[in-house]
Amino acid sequence: MRGAVIYGPGDVRVEERDYPKIIEPNDAIVQMSATCICGSDLWDYRGVNPIMQPTPIGHEYCGVVEEVGSGVTSIKPGQFVIGSFWASDNTCPNCRAGFHSSCQHRMLMGGCQSQATRVPMADGTLVATPEQPRTELIPSLLALSDVMGTGWFAAVCANVQPGMTVAVVGDGAVGLLGVLSASQLGAERIITMSRHEARQKLAREFGATDIVTERGEDGVARVKDMTDGIGADAVLECVGAGESMMQALRSTRPGGFVGYVGLPHGANLPAEELFYSHVGLRGGPAPVRRFLPDLIDLVWTGKIDPGKVFDLTLPLEQVAEGYRAMDGRRAIKALLRPDGGREGPATHPGA
């Protein structure tokens, strides 16, 4: 099959890879209907995370189950499924508490920018849609594999409640879907930090009421000015950089919460300032599996359309252009269309 492999900074190629096989009894093989490039993939692409050897890349996926292992009981071939970027058993104490990304047997998905992928712990990881989806739903269902669930987790961690004022730091796909999540959870006012017109427009479509273009301390001052000097009730940190973390913390009112889901790079928080701020801080890698059933229902019934974050669609063979476009901020998020399985284009619905 064809799949993307990262060789080093700025070097992503599509090449022949072995088609995945069932290795463990709880495995499933999923033939991709769509996959995509994540903002966190750019850390590797930009050389922030070292690449020691050519490595298959990608962790977002949805598609049709092709084969299951002998131990799989709740998923069957022919079903359309979405799974989290963390495989989990859904039965350990951490999973039962709702933190599947800290599953005692968790496995990070990789190599999903491809025509098919092996999903471990399929019963615990994959969630099937009610039936085969209409083609136009696939981008939104794909978004649930990571960015929508991550934006939702940010809003949950920030304790977003009806009537609140919420600020969102970061206008990438996660930040924009954090706006959508805060809106769904009843926020009355949503302040989006963004300097990009196209992203500002989408943020407003998702429920943003205010746009702030300032960053850092100027951004903090602007949020404080808009909230009578108090700060936002809840802040979603969706970047992970040191400046964005401090901006989120200082934009939050005493007693408020920051939900942080940006993968931290260079973020060293001052403990004493955090102590005296009375700001709660909670986040981490999103337990997407926890939210999948409810988010699938919201997409299926037309209540949310997170697939709007995909503003570039390319065939898998052009994955390198997708990386270039996202790295240069010419695209919010690139969706990749695989050209099918081992024998040619897939014929299942939604392909």
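Modeller: A residue is called exposed if its relative accessible area is over 50%, buried if that area is under 20%, and partly exposed in between. The model is a predicted one.

With these cut-offs in mind, consider His 278, which lies in the loop between α10 (271-277) and β16 (280-283). The relative accessibility of His 278 is 61%, so this residue counts as exposed. Its backbone also deserves attention: His 278 is not a glycine, yet its phi is positive, near 60°. Most residues other than glycine have a negative phi.

A second residue of this kind is Asn 159, again not a glycine, with a positive phi of about 60°. Asn 159 is found in the loop that runs between α5 (147-157) and β11 (165-169). Here the relative accessibility is 32%, and therefore Asn 159 counts as partly exposed.

As for the open sheet, it is formed by three strands in the order β2-β1-β4, with antiparallel pairing. The edges are taken by β2 (11-16) and β4 (55-56); each has a single partner strand, and so one side of each is left without a neighbour in the sheet. Between β1 (residues 2-8) and β2, the antiparallel pairing extends over six bridges.

Definitions and conventions:
Residues are numbered from 1 along each chain as its sequence is written. This is a predicted model: local features need pLDDT of at least 70, side-chain atom pairs count only at pLDDT 80 or more; totals for chains, interfaces and linings use all residues. Side-chain values use heavy atoms; hydrogens and water are left out. Two strands pair if DSSP finds at least two bridges between them. Helices (H or I, at least four residues) and strands (E, at least two) are DSSP runs, numbered from the N terminus. Buried means under 20% relative accessible area, exposed over 50%, partly exposed in between (1.4 Å probe, protein chains only).
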